[in-house]
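Biologist: I would like a close look at one part of this model. Please pick a spot and set it in its surroundings.

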Amino acid sequence: VKPNQAPELTCSPRAFISSLTKLLDQRPSQAAAIIETVSELAEDASQLRWLLQPLSQESNAASLVRLLLNVDTLQSALRTVLLEKLVEHGMDGDDSVQFSQGARSIPTSRSTDLTTLLLNQLKWLDVVIDAEVYISKLFDETLPVLAPQYQRQVILALPELLDDSLSEAVITNLTKLMEDEPSLTVAGLDALSSLSCPSNVLEQIRQDVLNKLA
């Protein structure tokens, strides 16, 4: 990765993940160096966008950050970096940055703002490492400080961020959040309907929350 340039792979994404996993198994101390490098690059909003952009024009192409998240040794620490950046760029409603590099330019439309790009990296991961820590960071450190539109965006993405095995913990935290922040009730109920939540439990939660708002 070079500053102010799009990352490039010299092998397939699968080979990259496999090789990096083997390297870190042999030299685990290198994990901290990789996370530090990503953190330093992410200090610049333009470079952060490059890290979050697909590495090719193929429809299913992943970003460099997404590939790194698929390395178990890196996922938890890298996820923390992404959540910190989500807070940094999602505390107000305008995080647009205009830039161009070489033949490629990144549009600054609503659909490609940094908060959306950051959140997309964390969706549909095959494995979620340190899930309890992840849930805690989301509900205790990230959601409370985001601007309202990004709070709703994160809440609606919860079914994509966390697998079904974590539904019970998510439901508990989400129910409490709706009780504390009534303005998030609609987004919270929408998210609950997409989680692995029995219909009778969902209906009871919905009724309890609505009763508290009455």
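Modeller: I start with the ground rules, then go to one loop and its partner, and end with charged pairs.

This is a predicted model, so local features need pLDDT of at least 70, side-chain atom pairs count only at pLDDT 80 or more, and totals for chains, interfaces and linings use all residues. Residues are numbered from 1 along each chain as its sequence is written, and side-chain values use heavy atoms, with hydrogens and water left out.

The protein chain has eleven helices and two strands. These are DSSP runs, numbered from the N terminus: H or I of at least four residues for helices, E of at least two for strands. Their order along the sequence is α-α-α-α-α-β-β-α-α-α-α-α-α. Of the 214 residues, 44% are buried. Buried means under 20% relative accessible area, exposed over 50%, and partly exposed in between (1.4 Å probe, protein chains only). Take contacts with a separation of 6 or more: 72% of them join residues 24 or more positions apart. A contact means heavy atoms within 4.5 Å.

Now the spot: the loop between helix 6 (114-121) and helix 7 (131-142), where W124 sits. K123 and D130 belong to this loop too. W124 has a positive phi of about 55°. D130 also has a positive phi, of about 50°. Neither W124 nor D130 is a glycine. Most residues other than glycine have a negative phi. W124 counts as exposed because its relative accessibility is 57%. D130 is partly exposed, at 42%. K123 is buried, with a relative accessible area of 19%.

Neighbours within four places in sequence aside, K123 is in contact with R66, A157, E160 and L161.

Beyond four places in sequence, R66 touches N120, Q121, L122, K123, W124 and L125. The side chain of R66 comes to 2.7 Å from the backbone oxygen of Q121. R66 is buried yet has no salt bridge. A salt bridge needs a side-chain nitrogen of Lys or Arg within 4 Å of a carboxyl oxygen of Asp or Glu. For R66, the nearest side chain of opposite charge is D126, 6.0 Å away. Charge here is simple: Lys and Arg count as positive, Asp and Glu as negative, while His and the chain ends are not counted.

Side chains of opposite charge can pair when their charged atoms come close. The structure holds six salt bridges. One of them joins K85 and E88, with the closest N and O atoms 2.9 Å apart. Both lie in helix 5 (residues 72-90); being three residues apart, they are separated by about one helical turn. K85 counts as buried, at 5% relative accessibility, whereas E88 is partly exposed, at 42%.

Another salt bridge is D180 with K176, at 2.8 Å between the closest N and O atoms. D180 and K176 sit four residues apart in helix 9, about one turn of the helix. In helix 11, E203 and R206 are three residues apart, so about one helical turn separates them. Through shared partners, salt bridges also join E43, K85 and E88 into one network.

Terms used
Polar contact = N/O pair within 3.5 Å; in protein donor to acceptor, adjacent residues only side chain to side chain.
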